[in-house]
Structure formats: structure tokens, C-alpha cells
Amino acid sequence: MPVVKVLTAGIGEANLRDIGVYRERGGYKQFERALRTMSSKDVLDVTERAGLRGRGGAGFPTAKKWSFLPGKAEVRYLACNCDEAEPGTFKDRMLLEEAPHLVLEGMLIGAYAIGCHHAYIYIRGEFKRGYAVFMDALSQARRAGMVGSDLFGTGYDLDVTLHRGAGAYICGEETAMLNSIEGKRGEPRLKPPFPAVQGLYGAPTVVNNVETLAYLVPLLEKGAEWFASVGTERSKGYKIVSISGHVRKPGNYEVPLGTPVRELIELAGGLRPGRKLMAVQPGGGSSACIFEEQLDLPYDYESMQKAGSMLGSGAVVVMDDTTDFVRAAFNLVRFFAHESCGQCTPCREGGDWLERVLHRLVEGRGLQTDLDMLMKVSHEITGLNLCPLGDSIEPFLASVLKRFPEQFEARVLGRKPAPAATA
Amino acid sequence: MTQRQKDFPALCERLEPRCREIIAQYEQSRSALLPLIHLFQEHEGFVSMEAMGAVSEILDLSPAVVESTVSFYTLFFRKPIGKYMLQVCRGLACTLNGAENIMAYFREKLGIGHLQTTDDGLFSYEEVECLAACDRASCMQVNLEFVYDLTPRMIDEMLDAMRAGTYAVAALPQTERPSSTWAVNQDGQVALGDKSFGAQDQSDPNNAGGLDRDGIIMLDRILADEMRFRGRTRELLATANPAIKEVVEE
């Protein structure tokens with residue numbers, strides 16, 4: 001079994017919330033080494049050679065994102081995205097609560113790599129405990145001289161501010177997050193300008209996911225070649241995969257990218273006895289389902305995209321033959337309709353329409369024309385919005401509607417109820 | 001004037017140093033809007049009009065800007081809520097693992113539904129989106145503290161302990177008696193549900209995805225109207241200029 005312990009090393013064994021314990025295990029050495037012996041450019045080069053890609057959802061090459069910042073020495077910001085709310089994802093919360101110093105060290109290294117002197121971390125409002133844990137870790141690090149001015153006598157100043165959200169999935173979108181940090185409604189901005197040019201307070205800004213930044217620590221320690229030696233050609237390194245749904249041992253599993261999806265499900269204990277797999281959502285609530293015949297695909301960015309889905313945030317939701325896909329589709333569409341910020345009409349109205357249509361299907365009051373309408377409306381929302389939220393409504397709905405049309409047809413008014421799933 | 005309103009100036013004075021500290025963490029003072037609202041809510045149990053007014057003064061923003069921002073975020077409660085905020089996850093992973101039964105059990109035990117507060121002001125109940133604890137489904141938060149792997153028995157014990165005042169998670173401050181719901185609509189009036197409950201209203205004529213009063217699907221009706229309109233256009237054109245009649249009829 002390909003389970004590895006890189007970011008997850010020590011979690012559940014040692015109290016990594018204590019800076020003493022973290023430092024005994026080599027903590028903050030990489031940040032110190034970067035500051036003392038490496039230039040910002042060196043850190044960027046290592047990250048580029050390692051082929052590290054964003055672990056938040058889009059999978060954009062991290063070094064490339066950094067390199068978009070204008071070269072002149074000016075005010076620039078790093079914002080660490082810990083607004084984890086993609087349905088099925090629970091890796092960032094684990095890192096935040098169990099390994100806050102690793103997250104902080106990753107942030108510090110990332111900030112240094114882009115020449116930033118004030119980094120922000122945006123923590124989801126619901127993560128009250130995570131916020132307290134990280135706040136404590138930050139004050140420990142400040143006392144130990146890891147955060148503040150003239151760090152390690154190098155003259156480099158770096159401060160960190162925690163910003164707590166207040167219940168809005170959309171704030172995980174990078175420009176919405178920046179608006180939220182600025183004290184505004186969490187509505188995404190029109191792009192361009194991209195945050196790299198005009199981000200927080202109008203200054204060049206990089207937004208990176210918690211897991212992405214955390215990987216900088218082992219990456220500096222063990223080198224770009226170590227990281228690039230695992231994974232596939234274009235998906236390098238490791239990934240924490242959050243596996244949930246109809247598996248016996250749901251949880252976070254750290255694996256090399258490219259591990260077959262079937263092995264991931266086995267890692268999580270497999271299905272319950274006697275159950276048959278019907279669908280897997282491989283990249284969180286925004287991703288289309290893949291099915292039985294695609295389980296041997298390697299779990300990497302390219303393969304998931306080729307299969308018509310995406311790796312996204314690395315949330316694998318497994319669904320067996322007890323799943324009611326009409327209800328599941330209603331569930332996710334309701335989620336997006338609820339979380340739409342309302343700026344763009346297709347997303348705001350379309351999501352609401354779909355939710356209503358699906359609701360009457362769930363209740364067995366569907367209309368003959370509803371299946372076509374679901375396809376049509378969800379497709380017409382896609383591609384017409386400021387941010388990817390609207391585009392996230394179609395994939396799951398369309399994939400299960402195509403695969404299990406009989407489940408939807410059975411909910412049209414006057415039809416006999418669908419036969420109960422057989423064991 | 002309520003007791004809370006009478007106490008408000010003293011609270012402001014007490015929180016002032018903390019407000020200054022928070023503002024100092026940011027490059028621009030407006031960034032302190034969310035943390036300041038959090039701070040007031042922690043003390044008052046909800047975001048009062050007075051709190052929004054105070055924050056608008058502290059940050060030199062218009063009250064409308066503050067209220068607009070506050071209204072965007074679901075964890076800011078603009079009406080008083082219960083001492084225990086029960087937020088049960090309705091996300092997909094929890095639903096696959098029986099969350100619907102858990103939610104039904106809560107509704108039955110509490111005698112209230114989504115976005116409602118019990119008459120005694122002790123419990124507020126909400127069904128919330130994915131809480132990022134899918135490995136421990138069904139999950140919920142009590143006053144934002146996680147509770148995992150829910151069973152009906154756990155719910156019974158939890159509610160009993162809360163009623164007896166012995167529950168492990170501290171009760172929220174309650175400076176004003178809550179009404180039946182804290183959800184407010186655009187006019188500041190109490191609404192009975194959020195928009196996700198609109199799905200039940202199948203006869204809303206403005207709901208193009210749904211049914212109108214005659215039970216005709218709106219999209220079909222729009223198409224029918226369009227056909228009628230086209231026919232009418234043909235008639236008008238033909239009357240105005242008989243010469244184009246043939247062209248139109250083709």
C-alpha cells in the first residue's frame with residue numbers, strides 16, 4: 001500500500017502544536033536555512049524543479065504563480081488559503097489543527113520566496129478550534145524569533161496576520177478571499193487584473209493553499225529531486241487525499257500522485273461487505289463522477305481531467321449501490337445555489353432553478369421535461385460567471401444524470417417508484 | 001430601552017483596547033470589520049444594530065456598508081439566537097452516512113426546524129453545508145465545537161446535558177431573548193426560512209424553473225407566449241403592408 005508520511009508525519013503520535021516538539025523534529029530549520037543561505041530566487045528554483053502544483057483545487061504550478069509577480073521591489077503579499085469548504089475535503093483542517101507549525105513554516109518560506117513582509121492566513125469561520133490552535137502556534141513562533149523583525153539577524157522582517165472568515169464557501173475563491181480580508185463582502189473580482197498584479201490592497205499578491213505551502217518544508221529539506229522522483233510526468237510529488245462516503249475507513253491518506261483510484265478506495269478500507277461501487281467523485285463537490293471502468297486510472301491531475309473530471313482539492317467521495325443519485329445531485333446543487341454570492345445571473349438564478357427542479361424530482365413530482373431541463377440549464381450556467389462556482393454546478397449533475405437516467409426518470413410524476421437498491 | 005442597550009456603552013469602552021489591537025494588525029483599518037463584528041458577537045451573542053453602529057464609527061465607514069458586509073456572512077447572526085447553536089452538517093458525505101436520519105431526529109426532539117429557535121431560547125437549529133469532517137460523518141458543531149459520529153443516543157445525552165447546564169461546551173452569551181428565528185430578510189423583518197426552502201413553493205409564478213399556478217411549467221409557458229407573440233407580429237405586419245403578406249406567410 002502506497003501510504004507515505006510526509007506532511008502527516010507525527011500527526012496522532014506527537015504534540016506538534018508545541019513548538020518545542022516541532023523543533024526537536026527539525027522544525028523551522030528549513031525556514032532558517034532559506035533565510036540564511038538561500039536567495040528568494042533559490043527557493044523559487046527548487047520549487048520549480050520539484051514541479052509542485054497547487055493543492056487547493058486548480059493545480060496551477062506554484063513557482064509559475066510566484067513568477068507572475070512584477071519584479072520590482074515593492075509591497076507584496078502572501079495569503080494562505082485555509083477556507084477549506086469544498087464538500088468532501090478535510091485535509092487543511094487536519095493540518096491546521098494537528099500541525100500548525102508546519103503550516104506556519106511553509107507560509108514563512110513561501111513569503112520569503114516572493115519577497116513578502118506581511119503574510120495573511122484566511123481561516124474558515126467554522127474552524128474555531130483551528131483558529132485558536134494556530135493563534136497559539138503563531139505566538140509561540142513569535143516568541144521564538146521565527147516571526148517578527150530582523151529574523152535570524154538577516155535583516156528580513158516578516159509578520160503574519162490571522163484572518164477569520166464568517167461562513168461563506170465563496171471566500172475560498174482567491175479574489176473573494178482578498179475582498180473578505182479587506183473587510184468587504186466576499187464577492188469574487190473581475191479578472192484580469194489577476195491578484196499577482198493587483199491583489200490585496202491593490203498590491204501584487206499570491207494566494208496559496210495550506211497544503212501547497214506546507215510541502216515547501218519537506219521540499220527544501222529533501223530537495224527538488226526527491227519530490228520530483230515520485231508521481232507522474234506532470235503531477236509530481238505527494239498529495240493528501242480526503243476519502244469519505246461509503247468506505248469502511250474514511251480519512252486523510254497521503255499518497256504519491258498517480259496512485260490508482262482503486263488503491264485509494266482499498267486504502268480507505270474498501271466498500272462495506274456485499275456492496276457494489278456505483279460512482280466516485282474524485283475532486284470534491286465541484287467534480288464530475290468517474291465510474292467502475294475508470295478505477296484503474298492513476299490519481300493525478302491529467303488523468304482525472306482526461307476522464308472528464310478533475311483532481312480538485314483531493315476529496316474522494318465514494319458512492320455504493322445504496323446511493324440515491326437524485327438526492328445526491330439535489331444535495332450538491334443546493335449547496336452551490338446556497339453558496340452563490342449572487343453577482344452573476346447565470347449562477348444565482350440557474351442554481352436556484354436547478355435546485356427547485358431537483359427538489360420536485362426528489363419528491364417524485366418531476367415533470368416529463370425535467371431531465372432535459374436539468375441538462376440544458378446546468379450547461380447554460382457554465383462558462384458565464386466571474387468565478388468557477390457557477391461552473392461547478394454542472395459536472396456532478398451531468399455525470400450522474402447521464403449514467404443513471406433511470407433513477408431520475410423514475411421520479412417523474414406518475415411513474416412507479418424505482419426498485420429499491422439490492423444488496 | 002433593553003438592558004443590553006443600556007449596557008452597550010460600557011461594553012464598547014471595555015472592548016476598545018482590544019479593537020485598537022485588532023486594527024493595528026492590518027495595513028488598512030477596514031480589514032478589521034470582520035474581526036470586530038466577531039468580537040461584538042462573542043460578547044452579545046448576536047450582531048446587534050448598536051454593534052454595527054459602533055463598528056461603523058470605529059472604522060469610519062457608513063452603517064450601510066457595515067450592515068451590507070455583515071449580511072453576506074452566515075455566521076453573523078443579526079437576531080438573538082439560542083444558548084446552544086446546533087449546526088448539523090447536511091453535506092454529501094454526511095448524507096451518504098445517514099445525516100438525514102440525524103436531522104430528522106433533531107427536528108423531532110427539538111420540535112423546531114431549520115433556522116429556528118426553541119421557545120425557551122435554549123436551542124437554535126440549523127442545517128449547514130459541509131463542515132470538513134467527512135471522515136467522522138455524521139458530524140455537527142455545537143457553538144462551533146465539533147461533535148463527530150452522531151447517533152440518536154448521543155443526541156439525547158447532549159440535549160439532556162445542555163438542559164441541565166452540564167454540557168462540556170459553554171453556552172453562548174444571551175443578552176436578549178431570541179424570537180423563533182434569526183434569519184432576516186432584506187427589509188430586516190423576520191423570515192421563516194432561507195431561500196433553499198423556496199424549493200417547496202412550487203406555485204411561485206416567478207419561478208421559471210418551477211410550476212405556475214395552473215401547473216404549467218414556466219419554460220413551456222414562455223415558449224407558448226413567444227409563439228403567440230410571433231403570430232401576432234405576423235398579423236400586424238400583414239395589416240400594415242399587404243405587400244409583405246406573402247413573404248410573412250412563407
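I began with the sheet in chain A: it is open, has four strands in the order β7-β6-β9-β8, and its pairing is mixed. Strands here are DSSP E runs of at least two residues, helices H or I runs of at least four, both numbered from the N terminus; two strands pair if DSSP finds at least two bridges between them. The model is predicted, so I note that local features need pLDDT of at least 70 and side-chain atom pairs 80 or more, while totals for chains, interfaces and linings use all residues. Residues are numbered from 1 along each chain as its sequence is written, and chains are lettered from A, ligands numbered from 1, in the order written.

I then checked β6 (238-245) of chain A, which pairs with β7(A) in the antiparallel sense over six bridges. A:S242 has A:N252 as its bridge partner in β7(A).

Next I took helix α17 (394-403) of chain A. Its buried residues (20 or more other C-beta atoms within 10 Å of their own, C-beta atoms placed from the backbone) include A:F396, A:L397 and A:V400. Among the elements that cover the buried residues of α17(A) are β8, α14 (325-339) and α16 (370-381) of chain A.

Last, the interface. I find 45 residues of chain B in contact (C-beta atoms, placed from the backbone, within 7 Å) with 55 residues of chain A. On the chain B side, α2 (33-44), α4 (63-72) and α5 (92-96) each supply at least two residues.

Key:
Contact = placed C-beta atoms within 7 Å. Buried ≥ 20, exposed ≤ 12 C-beta atoms within 10 Å, placed from the backbone.
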